Structure formats: structure tokens, C-alpha cells
Amino acid sequence: MPHVIVKMLVGRSEAQKAAIAEAVTRAVMETARCAENSVSVAIEDIAPEEWDAKVLDPDIRGRKASLYKKPGYAEV
């Protein structure tokens, strides 16, 4: 039962968010070999001034062991 949380800077439209959720769902289904009804996707909008405190420090720097794709914008 994969659940994916996508955290992004604010500014994407609802159509863009729906397209992201659909693409993530397809990728998870294909790679994890699970049914569509097993996958859930949440999208959280983060203000630029809150990115470091809400994402970079706790989720990226704070979880290095579980980070499979590192960002190119910060030292991790």
C-alpha cells in the first residue's frame, strides 16, 4: 500500500497537481507491481520561506538514510 507525499513550492495549478499524482501513481504501480487502488498520493504546497524548515532540514538532511534521490540544490 504505497503512499507518496510530494512536497513542492506553491504555484502549481490543480491540473498540474492532478497530472503529477497520475504520473507518480503509474510509476509506483509499474515499479512496485501493485494495483492502482493500493496507491495514494498527497501533494503539499510549501511557501518558499518555509522550505528549509519544513522540507530540507527534516525530510532531506534529516533522513539521509532513506533518501534515494538527492537534490542538486543543497549539500546533503
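## Largest pocket

The model is predicted. Its largest pocket holds about 400 Å³ of space. Of the 13 residues that line this pocket, Ile-5, Val-55, Asp-59, Ile-60 and Leu-67 are the closest to its centre. Two elements each give two or more residues to the lining, namely strand E1 (3–9) and helix H2 (51–60). H2 gives the most, with four residues.

## Buried face of helix H2

Within H2, the buried residues are Trp-51, Val-55, Leu-56, Asp-59 and Ile-60. Viewed down the axis of H2, these residues fall within an arc of 110°, so they line one face of the helix. In an α-helix there are 3.6 residues a turn, so residues three or four places apart point the same way.

The cover over the buried residues of H2 includes E1 and strand E2 (40–46).

## Thr-25 in helix H1

Thr-25 lies in helix H1, which spans residues 14–32. The relative accessible area of Thr-25 is 13%; buried means under 20%, so Thr-25 is classed as buried.

When neighbours within four places in sequence are left aside, Thr-25 is in contact with Glu-36, Val-39 and Val-41.

Key: Residues numbered from 1 in each chain as written. Predicted model: local features only at pLDDT ≥ 70, side-chain atom pairs only at ≥ 80, totals over all residues. Heavy atoms only, no water. 1 Å grid on protein atoms, 1.4 Å probe; cavity = no way out; pocket = protein on both sides within 12 Å on 5 of 7 lines; lining within 4 Å. Points joined across faces, edges and corners; volume = space filled by probe spheres on them. Buried < 20%, exposed > 50% of the residue type's maximum accessible area, 1.4 Å probe, protein only. Contact = heavy atoms within 4.5 Å. Arc of directions from axis to C-beta.
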